Amino acid sequence: MDDLPLSDLAAFAAIARERSFRAAARKRGVSPSSLSESLRRLEERLGVRLLNRTTRSVTPTEAGERLLERLAPALGEVASALSQLDSFRDSPAGTLRLNVPVIAAKLFLPDLANRFLQRYPQITLEVVAEDSFIDVLAAGYDAGIRYGERLERDMIAVPIGPRRQCYIVAASPAYLERRGVPQHPKDLLGHDCIRHRFLSGAPFAWEFERGGETLVISPSGPLVANVIEMEVGAAVAGLGVIGSFEEVLAPAIARGELVPILQEWITEFSGPFLYYAGRRHMPSALRAFVDFVKEQRRAA
């Protein structure tokens, strides 16, 4: 058993964590068939079935659970050992995998990522944008971007992107002429509202603040979506009031397509953070990105 291919063990671990050949293949950048072959080869060598698979599910057997429990830390140590070799390179290299909110991928990450990759051409940046709140390390990411209330314990957090952001509401001139201008957040309960829903199924809360008073409301309306462009388009078309990040609505407001309302109730909140585990041997690609983010903050 001493000559078991490390790649086959890593393939098994990826499939077992993801409970899916397709999802594991996407994260490893290979085909599902190659993972299937790696698993077949490993099970044949070990003489033990590691995964139960049907057309609908993939679950570890008891033997698979035991192996994964011991194997995951060992694979992490191997990755850490290999990452130490990066210090012998002339410049940082490797793959950096980030899990970020969709809003970050739209608003500020593209410019930051472009400048980072221009400086470090030997680094490959993989970005997955989603609004599900996952354990980024368990999912195989090097780091994540989250807002303060979503940061996990025992993680190092570095400010990234705008440090203060606002959540505002707006509507088209035609809608306001037809339905009137809300004077208080509770008035929105009698208006049509365009709402955002995260992929997890959780709705985006409409929160308002003024003079220490905080209100959270759950309005209703003709559209619920998780695509911000569709939501803005519906608001511009006069279908209802929209609530979103100021940066998202600013272009339509500048063009006169939307008019901000309830401005004395604007909600401000702290900007996002890059967060990662405090490891003694940090991969060079992650170290380069952390240092780059800190440098950009100092220069801002």
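Modeller: Before we start, contact here means heavy atoms within 4.5 Å. And keep in mind that this is a predicted model.

Biologist: Got it. So which residues is leucine 98 in contact with, leaving aside its neighbours within four places in sequence?

Modeller: Leucine 98 touches Leu125, Glu126, Val127, Val128, Tyr141, Ala143, Leu274 and Phe289.

Biologist: And the largest nonpolar core, how many residues has it got?

Modeller: That core has 26 residues. Leu98 is among those with the most contacts inside it, along with Leu96, Phe116, Ile145, Ile160, Leu274 and Phe289.

Biologist: Which helices and strands each supply at least two residues of this core?

Modeller: On the strand side, β3 (94-100), β4 (123-129), β5 (143-146) and β15 (273-277) do. The helices are α6 (109-119) and α10 (284-299).

Biologist: Where does the largest share come from?

Modeller: From α10, which gives seven residues.

Biologist: What about a second core, how many residues does that include?

Modeller: The second one is separate and has 21 residues, including Leu9, Ala11, Phe21 and Leu50.

Biologist: Switching to rings. How many aromatic pairs turn up in the whole structure?

Modeller: Six. One of them is phenylalanine 116 with tyrosine 120, a tilted pair at 5.2 Å centre to centre with 50° between the planes.

Biologist: Are phenylalanine 116 and tyrosine 120 buried or exposed?

Modeller: Both are buried. They also belong to a cluster linked by ring pairs, together with Phe289 and Phe292.

Biologist: Which ring does the charged end of arginine 97 sit over?

Modeller: Tyrosine 141, with the charged end 4.5 Å from the ring centre. Tyr141 is also one of the contacts of leucine 98.

Biologist: And arginine 163, which face does that lie over?

Modeller: Phenylalanine 273, at 4.9 Å from the ring centre.

Biologist: What's the story from the side of cysteine 193?

Modeller: The closest cysteine sulfur to cysteine 193 is in cysteine 166, 19 Å away, so again too far.

Biologist: And what relative accessible area does cysteine 166 have?

Modeller: It's 13%, so cysteine 166 is buried. Cysteine 193 is at 0% relative accessibility, so that one counts as buried too.

Note on methods
Residues numbered from 1 in each chain as written. Predicted model: local features only at pLDDT ≥ 70, side-chain atom pairs only at ≥ 80, totals over all residues. Heavy atoms only, no water. Core = buried A, V, L, I, M, F, W, Y, C linked by side-chain atoms within 4.5 Å. Buried < 20%, exposed > 50% of the residue type's maximum accessible area, 1.4 Å probe, protein only. Helix = DSSP H or I, 4+ residues; strand = E, 2+ residues; numbered from the N terminus. Phe/Tyr/Trp six-rings, centres within 6.5 Å; stacked < 30°, edge-to-face > 60°. Lys NZ or Arg CZ within 6 Å of the ring centre and 35° of its normal. Disulfide = S-S within 2.5 Å.
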